[in-house]
Amino acid sequence: MRRLGQLEAAVMELLWSRGDVETSVREVMEGLEEQDGARRLAYTTVLTVVDNLHSKGYLTRRRVGRAYAYTPRCSREEHTAQVMGEALAASSDRGAVLLRLVDQLTAAEVAELRAALDEPPA
Amino acid sequence: MIAASALVAHVLLAGHLGPRLLQDAAWTSRSPQAAVRCWLALCLSVLLAAALVPLTLAAPYLPLPGGGVHYGDPLGPWPALVAQVALAAALSALLVTGVRQVARTRRARSRQHDDLTLLGRPHPDGYVELADARAALWCLPRGWRRPAAVVVTTGARELLEPRELGVALRHEHRHLQARHHRAVALTGLLSGTFGRVGLFARAHREVVELVELAADDAAAPHERAVLGRALVALSTGTTTDTLPAASGGLAASGTATLRRVRRLRAAAPAPGHLGRALALAAAGVVLAAPPLLAVAPGVEAALHHCAPLVRA
């Protein structure tokens, strides 16, 4: 069996590929089975994964009949942009969450940096 | 009273002299990891000494075994009381901000791990690739049941030559291995809680810079110029108009990066074993001083001035 994280990624991949179409848990299950061929997933497993994604805020849902229909809260690209924004932001508690290789620089600073590369070694 | 005065003197002296000695010392750039330890020792020593002041002031009011009598306190019980209240206030402030910071960091980190699981693609070279044209590279320390990860954007992978990417990855792995985020988080907590104490704010700024130098040295003992080129390429790559404008600190980060690149142009710093040993010994002394100062007057008094205990 795939690890839960991989399953979550597969579910998001499927829903992202469908765009704004509302998808039920059963449709998610069928979609995953199509991708994986012979592999069968239990309905409750898929339900758990989808519910996790919803409670983490990745999916929105609407009640349709007796079940819920799910859509991604934002597109893959929007989501990536958010992650990048967080990673590059000059946050107040910098370094606590993540450590990045270099900071964003202004154009003038970049010019100075380029010049430093050409300086003779000190 | 004597112990308390000595501790107050230690706080003032270490708090003022310590940062000055550390900040301008040339050896900190040669042994950045030892310098980080010195800053941490200095912060903890000042914190410890300040916390011991109320305790030593309270000592005369504790009952002695066998019904002995304390020396009289020239100023009466008031200094002890005021100091106790101040200590309680400071400790609760530290506890509140500490708990809040840990919770916030945990939440943000676990969110980043979730995002990476969904958006990133594991690369055989031991990093996670994030599909974004902007060049960036960072590391995410381990979270709850999540291993640490180094993140490379598609833009960064395409921008950097293989050798540059290699040393950049080693830089990030060194951060994770040496737990640099913990040192940064600790000084960040202190400067966040006691913003008015200049020592803590300065320690935080310095530690943030020093861990980068330490990781630079560990990543590229023989390829310093390669890492320097990677830094320049990446800081150029992230300068686009599409990024949200970062507030403040930009100039500071620019100079910091410039300093790193210049430093990488020069030959690798000599290991300087003696200097590092001396620095660490000094850190040990600074840490040991507060508890010694707290008990020394009492011990001295007990040795010379106390009548031998006679039990009936």
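Me: What volume does the largest pocket have, and what makes a space a pocket?

Reply: In this predicted model, the largest pocket has a volume of about 1600 Å³, a volume being the space filled by probe spheres set on grid points that are joined across faces, edges and corners. On a 1 Å grid over the protein atoms alone, a pocket is an open set of points with protein on both sides within 12 Å along at least five of seven lines, whereas a cavity is a set where a 1.4 Å probe fits but cannot get out. Residues and chains are numbered and lettered in the order in which they are written; local features need pLDDT of at least 70, side-chain atom pairs need 80 or more, totals for chains, interfaces and linings use all residues, and side-chain values use heavy atoms, without hydrogens and water.

Me: How do you know which residues line the largest pocket?

Reply: Lining residues have an atom within 4 Å of a point, and 49 residues line the largest pocket, with B:H113, B:T117, B:R145, B:R146 and B:P147 nearest its centre. The largest share of this lining, twelve residues, comes from α4(B), a helix being a DSSP run (H or I) of at least four residues and a strand one (E) of at least two, numbered from the N terminus. From chain A, α1 supplies at least two residues of the lining.

Me: Why is the pair A:K56 and B:D114 called a salt bridge?

Reply: The rule asks for a side-chain nitrogen of Lys or Arg within 4 Å of a carboxyl oxygen of Asp or Glu; A:K56 and B:D114 meet at 3.3 Å, N to O, so the pair qualifies. Across the interface of chain A and chain B the rule finds one salt bridge, while over all chains the count comes to 17.

Me: Why does the salt bridge of A:R62 and A:E22 tie together separate parts of chain A?

Reply: These side chains meet at 2.8 Å, N to O. Because A:R62 lies in strand β2 and A:E22 in the loop between α1 and β1, the pair joins parts that are 40 residues apart in sequence.
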